[in-house]
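Here is a friendly briefing to read alongside the model. Have the sequence and the 3D view open as you go.

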Amino acid sequence: MATADWVEEPHGVLDPHDPAPPAWAFLPAAEIVRQAIEPDSGGLLRRRRPAAAPVLRVSDRFLTGHLDLRGVEFPYLLEFVRCRFEHAPDLRQAKLAGIEFNGCALPGLAGRNLRSDNDVLLVAGSVVQGTVDLTDGEIHGSLVLRGSKLFSAGGPALHADRLHLAGALLAANMQAEGEIRIPGLRTGGNVNFAGALLNNPKGFALNGNGVQVGGNLHLTPDGATGTPFRSVGQVLLASARVDSDFSLRGAKMAPRTEHSRPVPPDDPFYDPNATLVADRSKIDGNVNLDRGFASTGTVRMVNAHIGGSLRMAHASVDLSGGREPFRVAEATPGPYNDRSLHFDGTQIRGGIDARDAKVAGQVRLVDVQVQGSVLLDRAVLSNRGGDAVEARRFTCGGNLDARSATVFGSLLLPGIRVGANVDLRGSSLRAPGTYHRDRSAKPSLDLRVAHIGRDLIFADGLAEGEIRIRRAEIGRETNFHGAHLSAGTNGIALNAFGVRTQELRLDVATPPSGEIDLRHLHCASLTDNAALWQAGGRIELEEFRYDALGDPVPLDADTRVVERLRWLRHGMREVYRPGPYDQLAAMLRASGNEEHAATVLVEKQRRRYAALAEGASWTRPGIHLWSWLQRWMVGYGYRPMRALAWLVAILVSGSVWFAFIPVPLESNEDDHLVWNPVLYTLDLIVPIVDFGHKNKWTVGGASQWIGAAMVAAGWILATTVAAGVTRMLRRTS
């Protein structure tokens, strides 16, 4: 006995699940204890020797009575193969060399405060019809539950609070009916539930509150069979600490069916239908919810810390009960009562990869910090009539890419900070939500006060509701090339009030169906097209500033300027506003295009007088006449060469007139001048400068009235010429 393993001689192969085992299989459980007692030991169990402990192996037996090892030190490795137990083995406060149940049937296992120097195993299809209780245990090896089946009888299937494992918890392909309870668990290695089925619809499928995992936490498909991890009930991993990766890759999760209290309205701290709750958890590696991961309840990780990346590529979180089509349809569900993803306050040191993901329900990412990039390419986010994504004050160190994504519901990103690009190229934003307070429409995309380091791209995108980017700061380009913009019930298609950007591209594919608000927007370069200015609503342009056009107007392209003026009139719905004309003229003048700038300013004055006349009553004809005279004679002061031509014409006509009248009377005999019709006419039409002729001669009759008219015309025309020369000198100085 001291040097060899004790092995009980078998009498046949026992089916441990046979309710009527054969007579030869019966063996008192106390006999196992007796076999380990030396004749000279005084009836006490021997202590473990420094060398490897011998193995006490029992196979194909129905163990009757109690296997009572409570509070003893047992020096052998116990190995039970295909054994059936009448009563739950009692290992409480025991100190064992190790124990294995291989293909056995047990009514439970009492192992509270168990100490084991080696592994504790329940493997090869062992079935436990009761609770496996390892509370406060200490195992210097691993706890192996591979292929076991645990069926609770009113309590947890596994009760292992504060269990301390020097090795790993290996439960691949395990099946549990009831709660797997391991709060406070500490392991030196992995926790592996690959391919396991945890079923507890009325509560926690896995209660791992505060677990500390020294390696990876795997809830993944089994490597050999490909069977995914499945859970029905909540997986609770609040305050968990995982030194490496936490993987739910390919897992299938469903929430519990009964809740402890009703859902409070607008409570950000309660998700009654959560399949995963990992609040305040700290994962040093990656969190993998990808490659076929599917959940029909909320995935919640609030105020967590992820040292690597969050991977959700090809994941599905569907709160619709299978009704969500994830495509455009006439009769579709939404909005949903519950959140699909809830990550408020979580810090992610890597990035988020959710390409090709499908999510039905609100994605909540308020105050989330991501140091890398966020990838949502080709994702489908659905919460029709509600918020598809709420990510206020979201921070992303790299790119936020959602190219060719489909969003049903509002995409709320106010106050976000993105280090590089926000790329929504080719995305479709549909069915935005409404505010609870007054049922008014929410925007389809809300980027108010956003800070984007490089580009905001919505090229070739489609929005069925307001795009709101008020007071956003975009470091380089804001791009709506080829976009389709339409207004929601508030009538606004694009709200870009106060935006700061270097390049603005508004060359949309089709005329927007609502208003465009560009007030107080500043950009260095503007690229637009006729479709923008044919918007279905008014285009607000107060204090809209741009330094140049992306497609500059050549000096000889007069039709381009006329076309732009027509765009302005249509965009402002024929309502006169001086600012847009001043801005266009200033831009043209800054590029050296003075003639076209004058054309714009002439049109501005024409519109101004038209607006004045519209608001007048009996003076309306006079205003129209005065406007017509200024436009055709001096171009409202912006055509000085036209005024000079009129001066020359008046000089010629006046000279001819005065040449055919009799020599007028001298009104001043002190000057000795010879009558000269040309100099007399020049003296009349040139103000300030006095050539001495108009005060020398006195004309009467019609000539007197003609002279007075020439004086008045001279003041107007000469002043216009002087103003034009002054502007020219100012530009060249």
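Strand 46 (380-390) and strand 49 (406-412) each give at least two residues to the lining of the largest cavity. Helices (H or I, at least four residues) and strands (E, at least two) are DSSP runs, numbered from the N terminus. The model is predicted, so to speak of local features takes pLDDT of at least 70, side-chain atom pairs count only at pLDDT 80 or more, and totals for chains, interfaces and linings use all residues. Residues are numbered from 1 along each chain as its sequence is written, and side-chain values use heavy atoms, with hydrogens and water left out.

**Cavities**

- Searching the whole structure turns up four cavities of 30 Å³ or more. A cavity is a set of points, on a 1 Å grid over the protein atoms alone, where a 1.4 Å probe fits but cannot get out, and lining residues have an atom within 4 Å of a point. Grid points are joined across faces, edges and corners, and a volume is the space filled by probe spheres set on the points.
- The largest cavity has a volume of about 310 Å³. It is lined by 24 residues, and Val363, Leu365, Val374, Leu376 and Val389 are the closest to its centre.
- That lining divides into 24 nonpolar, no polar and no charged residues. Here Ala, Val, Leu, Ile, Met, Phe, Trp, Tyr, Cys and Pro count as nonpolar, Asp, Glu, Lys and Arg as charged, and the others, Gly among them, as polar.
- The second largest cavity holds about 90 Å³ of space. Its lining includes Trp533, Phe544, Tyr546, Arg564 and Gln583.
- Helix 3 and helix 4 (578-590) are the elements that give two or more residues to this second lining, and helix 4 gives the most, with three.
- By type, the lining of the second largest cavity has eight nonpolar residues, one polar and one charged.

**Helix packing**

- Helix 3 (residues 558-571) and helix 5 (residues 594-615) have axes that come within 10 Å and cross at roughly 30 degrees. Axes are lines fitted to C-alpha atoms, for helices over the stretch in contact, and angles run from 0 to 180 degrees between N-to-C directions.
- Asp558, Val561, Leu565 and Arg569 in helix 3 meet residues of helix 5, among them His596, Glu603 and Arg607; contact means heavy atoms within 4.5 Å.
- The residues of this contact between helix 3 and helix 5 are three nonpolar, two polar and five charged.

**Salt bridges**

- The whole structure has 41 salt bridges, each a side-chain nitrogen of Lys or Arg within 4 Å of a carboxyl oxygen of Asp or Glu.
- In one of them, the side chains of Arg181 and Asp161 meet at 3.1 Å, N to O.
- Arg181 lies in strand 21 (residues 180-181) and Asp161 in the loop between strand 17 (158-159) and strand 18 (164-165), so this pair ties together parts 20 residues apart in sequence.

**Backbone details**

- Gly334 to Pro335 is a cis peptide bond, with omega near 0 degrees.
- Asp60 has phi near 55 degrees, a positive value in a residue other than glycine.

Notes: On a 1 Å grid over the protein atoms alone, a cavity is a set of points where a 1.4 Å probe fits but cannot get out, and a pocket is an open set with protein on both sides within 12 Å along at least five of seven lines; lining residues have an atom within 4 Å of a point.
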